[in-house]
Amino acid sequence: MTKILVVIIFSGTIASTSLAGKATKWEEVPETVRATVLANGGTAGPVDIEDEKVDGKAVYEAQAKDKNGNVSDLVITEDGKLVTVKNDDAADKAGELAARAQKVLAGVKFSHPRDITHPYFPLASLDQDIMEGKEGGKKLHVEWTAKPELHKTFQIGGEKVEAFVVEDREFVDGELAEATLDYFAQDDNGTVYYLGEDVNEYKGGKVVSHDGSWLFGKDTQIPGVLLPAHLKVGDKFKPEDVSKDINESDEIVSVSETVTAPAGTYKDCVKVKEHLADGTTEYHLYASGV
């Protein structure tokens, strides 16, 4: 990662600092800082708190976009004062993304990518799964259906990788809200990768948006890691690493959960904590063989 030297003039004091921060949830960021972020093209999402201080004040860094869509970093002190705006160097950013992609794909081979046999994500044995519950007081019905007749090929390194396709249909209070085609592949070591999704959002029975759609090789050069081959507490990975708005960071927080659902009771479930692009947190539970 490129370190940018920032010279800050603040309250008559000149401070020279190389910023390297730690992601902080939006709701944990001071209100003064949040107001400055929103007033300067930023959105409600994770904000970095930097290791250095300016005149004894904590320093925060957040991404923002100008009216032309150009991305910059806002450097803000804890009292809400905008200290400086840093514009990313495109070449440095491209180099960083390439390094991250190389790290994810180091030594990866795909001999039988559609044979997804991960014990906690066995798509190869999937016909159709139906999940039901409530979210936000509304009835939720989700259908996952295998589509082996559909074929989608990705170029990963020097290999052509054919993905396993799953149709994901989501109904809210009985009305179709979203229909998505998801693309997955498993490497020879057993890690399951998420290679993208084609999204159709519905309202009143008609497609109104494709928001959230992305494909590896087109929108990002970094494939998502849905589940590592060997799961242990503390493992961290990114199912989506596309943009500021399509981004997710996951961490395994338990491998011994017991979960009771209408279909039965499942032991030794894996619990995954998900940090989403909008700054919220969700949890997913995976049962072996399901």
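Predicted model: local features only at pLDDT ≥ 70, side-chain atom pairs only at ≥ 80, totals over all residues.
Residues are numbered from 1 along each chain as its sequence is written, and side-chain values use heavy atoms, with hydrogens and water left out.

The protein chain holds two helices and 20 strands, where helices (H or I, at least four residues) and strands (E, at least two) are DSSP runs numbered from the N terminus. Along its principal axes, the C-alpha trace spans about 65 × 45 × 40 Å. The accessible surface comes to about 16200 Å², and 49% of it belongs to carbon and sulfur atoms; such areas come from the Shrake-Rupley method with a 1.4 Å probe, and for residues only the protein chains shown count as cover. Of the 290 residues, 38% count as buried, a word that stands for under 20% relative accessible area, with exposed meaning over 50% and partly exposed the range in between (1.4 Å probe, protein chains only). Among contacts (heavy atoms within 4.5 Å) with a separation of 6 or more, 42% are accounted for by residues 24 or more positions apart.

In soluble globular proteins, nonpolar side chains tend to be buried together. A nonpolar core is here a set of buried Ala, Val, Leu, Ile, Met, Phe, Trp, Tyr and Cys residues joined through side-chain atoms within 4.5 Å. The largest such core has 38 residues, of which Phe121, Leu123, Trp144, Phe154, Phe184 and Leu195 touch the most other members. The elements giving two or more residues to this core include β9, β10 (152-156), β11, β12 and β13 (192-203), and also β19, and β11 gives the most, with five residues. Not counting residues up to four places away in sequence, Leu123 touches Ile116, Trp144, Phe164, Val166 and Phe184. A second, separate core of 11 residues includes Val33, Val47, Leu74 and Ile76.

Thr36 is found in helix α1 (residues 31-39) and counts as buried, because its relative accessibility is 10%. A polar atom of the Thr36 side chain lies 2.5 Å from the backbone oxygen of Gly80. Asp48, in strand β4 (residues 47-54), has 29% relative accessibility and therefore counts as partly exposed. Although Asp48 and Leu97 are 49 residues apart along the chain, their C-alpha atoms are separated by 19 Å.

Strand β9 (residues 138-146) is the place of His141, a residue that is buried because its relative accessible area is 17%. The side chain of His141 makes a polar contact with the side chain of Glu132 at 2.8 Å; a polar contact is a pair of N or O atoms within 3.5 Å, where within protein one must be able to donate a hydrogen and the other to accept it, and residues adjacent in sequence count only if both atoms are side-chain atoms. Leaving aside neighbours within four places in sequence, His141 is in contact with Ile130, Met131, Glu132, Arg169, Glu170 and Phe171.

Strands of a sheet pair through backbone hydrogen bonds, either parallel or antiparallel. In this structure, an open sheet of four strands has the order β17-β18-β19-β20, with antiparallel pairing, and two strands are taken to pair if DSSP finds at least two bridges between them. Because β17 (236-241) and β20 (281-286) stand at the edges with a single partner strand each, one side of each is left without a neighbour in the sheet. Neighbouring strands of this sheet are turned by 40 degrees against each other on average, direction ignored, with axes being lines fitted to C-alpha atoms, for helices over the stretch in contact, and angles running from 0 to 180 degrees between N-to-C directions. A hairpin of five residues joins β17 to β18, and β17 pairs with β18 (residues 247-261) in the antiparallel sense over four bridges. Phe237 stands opposite Asp250 in β18, while Glu240 has Glu248 of β18 as bridge partner.

Asp173 has its place in the loop between β11 (159-172) and β12 (175-186), whereas Asp268 lies in strand β19 (residues 264-276) and is partly exposed, with a relative accessible area of 47%.
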